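Thank you all for making time this morning.

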2 protein chains.
Amino acid sequence: MKKILLALIAAFASAAGAQENPWRPQAPVASPDVHADGSVTFRYVSPSAKSVRVAGNFLKLSEMNRRADGVWELTTPPLSPELYSYVFIVDSVPVLDPLNGSYSRDIDRLTSSLFIPGNEVEAYDMLDIPHGDVARVWYDSPTLGGRRRMSVYTPAGYTDSTERRYPVLYLLHGMGGDENAWLENGRAAQILDYLIARRKAEPMIVVMPNGNPSMRVAPPDGAFAASHPADSLYRVVNGTFEASVPGLVEYVDSHYRTLPQKESRAIAGLSMGGFHAMMISKEYPDMFDYVGLFSAATEKELGTDSSVSMYTGFDAKLHEQFKQAPELYWIGIGSDDFLYDSNRIYRGKLDREGYRYEYHESTGGHEWRNWRKYLLDFAPKLFR
Amino acid sequence: MKKILLALIAAFASAAGAQENPWRPQAPVASPDVHADGSVTFRYVSPSAKSVRVAGNFLKLSEMNRRADGVWELTTPPLSPELYSYVFIVDSVPVLDPLNGSYSRDIDRLTSSLFIPGNEVEAYDMLDIPHGDVARVWYDSPTLGGRRRMSVYTPAGYTDSTERRYPVLYLLHGMGGDENAWLENGRAAQILDYLIARRKAEPMIVVMPNGNPSMRVAPPDGAFAASHPADSLYRVVNGTFEASVPGLVEYVDSHYRTLPQKESRAIAGLSMGGFHAMMISKEYPDMFDYVGLFSAATEKELGTDSSVSMYTGFDAKLHEQFKQAPELYWIGIGSDDFLYDSNRIYRGKLDREGYRYEYHESTGGHEWRNWRKYLLDFAPKLFR
């Protein structure tokens, strides 16, 4: 056996080295090194760097200290349990932590991940509990003009039965996201696995479409010519994604064992996806009984000056939606979110009209840290 | 509408900026910039860097030139159509190309991707043709002790029928890979979509398990504590993965509309996965009628000095396998592959025994560039 192992180790080293991948892991130095009290030591091996800093939204931009052996180090104060993102800035160049195999992607931007375990954030980890499957599914959307991909989470046990039917949550990403955003940054599959295994939420299907009309599929799997999405990101709010949702629902109801009725459908989204959820749920008032606006882009002028029919007559459509009030209309936002005022104004409108909603105000800003928590709060309230 | 767009652009910029992601795209400079003749200009924006090089296995490590405005540039000679990987080395630090949204992952190593279109490599692109779905599927493996995840490609049209049954290709990764390797580095879904749409291959299901016994799931989705796989990579060849395959086949046959018989099953793998395919196909001679060894780790001492029953009695088991010779036993390797000699010796053994096989020798080494081409060659020979 020894010879085989040596041959294969050579194969791997070679594949990762000269022939395939010039980015090698460095010396046996650990980073991030999470200590029992929640403090963390970051390390970066570079004898030649002039300056190495840690950049993340959980700590001030901090200079690391160079040890005599060329390893840069920084130890933080104890951090709260959370899933954090960071990069190193080496002589002004931002780089992933080469010693950390865990990272997350937002469209074409990558950051290293840091997980401080504890409390409710254990839901973000891949626990040894039953897991739902996640499929990358292609469907035709006549409204959006062609083939598109979505992600579909089916709860543990789904494939073991041919009878049981499930409610469906449509979960929408923000500007800058795609059909994988809630899975990768949002850890949605892990969160649903956790809530369902702990009997805190009903088993449900979760459908995560791509809400960018011009993007058929997440960039890493997509067409190479279109893998540079920056230009198209600013042409995304034109009503066509919203108008495609009835067709999407029809596809899901005909290809999955759903409970195909309003009381078994929820729609929620973050930022642009919250705007989408607001628009879609009022446009099709018989479709969704549960609505979640997570740090939603709620604009007070909506529906007054637009040539897009999806966005006109907003107040009347909202009135129609609340005539048979949704079972749950949930609004969550962080006190530091730059959309806080916009949400306050929108809540004022709901209050004046006497439309019932549930409001959850958290700390923090416009960030995944909040959106994961909102999903943890929101999903247990559905379908029960 | 203008106000909404501005708010959302602000939301995206903010999410990507101070509050969420410190890694911003830089100025409107393009990289990689592919020209009509197949030459490529790489660009990197850094007024302060002392040296920037391009590292990839398709060109010599090359210094880029600094323009007066702080943009570093390098233009290559014309390159053959291919999907290439590279990184920049900035003052000795390897970094992804921040202007390139396309990258690939090998366990915890990331490289930027460069696609030069043309000829057969169009199969790697996401063309506007019918696409199969890809599911990340959890199954129990008593042999390996618990829940594990695999990837399953089902061809376009699979979900539109409830009757039609399909043959199955089991496609195995190498050391350093996981259940996503063939999808991400191998572009297997795009290749199968292409071959099936062009009627060059039979519609088939492709099952991609994780061949590392100690790894339940690919690191990016996995448990955070286990997201540093380096230690475990060298304990991967112990016979337990191979022994788990009958249970895997049983799962697939009971959860998918397969043709559950030898003549409708193929198994192929690269490097360690080629070793696995060789071991599994001889251990279970009634299971697979098509076998593919792609740059396989074929060791001449196999089965003589091992305490693992999977690896003992190799010659007798191979004899048993070839008594009812597989419909196809396909061996592919590159002339520069460090496993070339090992494969030559293994072919010598097959020749001496008169075992029929098909041999494909390519240029190049132990690299994805070859493995994608081998799949393009191999898949059309299956099930017809």
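Predicted model: local features only at pLDDT ≥ 70, side-chain atom pairs only at ≥ 80, totals over all residues.

Let me start in chain B, where four strands make an open sheet in the order β1-β2-β6-β5 with antiparallel pairing, and where two strands pair if DSSP finds at least two bridges between them. The strands here (E, at least two residues) and the helices (H or I, at least four residues) are DSSP runs, numbered from the N terminus. At the edges of this sheet lie β1 (33-34) and β5 (65-66) of chain B, each of which pairs on one side only.

Residues are numbered from 1 along each chain as its sequence is written, chains are lettered from A and ligands numbered from 1 in the order in which they are written, and side-chain values use heavy atoms, with hydrogens and water left out.

Turning to strand β11 (residues 133-141) of chain B, we find eight of its nine residues buried, buried being under 20% relative accessible area with a 1.4 Å probe and protein chains only. Which strand of chain A pairs with β11(B)? It is β11 (residues 133-141) of chain A, in the antiparallel sense and over three bridges, with R136(A) standing opposite V134(B). Within chain B, β11(B) is also joined by nine bridges to the antiparallel strand β12 (residues 146-154), where Y153(B) is the bridge partner of V134(B). Four residues separate β11(B) from β12(B) in a hairpin, and G145(B) in the turn has a positive phi of about 80°.

Finally, a helix pair: α3 (residues 188-197) and α8 (residues 368-378) of chain B pack at an angle of about 30° with their axes 10 Å apart, the axes being lines fitted to C-alpha atoms over the stretch in contact, and angles running from 0 to 180 degrees between N-to-C directions. α3(B) and α8(B) are therefore roughly parallel to each other, a term that covers angles under 35 degrees. The contact (heavy atoms within 4.5 Å) involves A188(B), I191(B), L192(B), Y194(B) and L195(B) of α3(B), together with R372(B), L375(B) and L376(B) of α8(B).

Notes: Buried < 20%, exposed > 50% of the residue type's maximum accessible area, 1.4 Å probe, protein only. Parallel < 35°, antiparallel > 145°, perpendicular 65-115°, else oblique.
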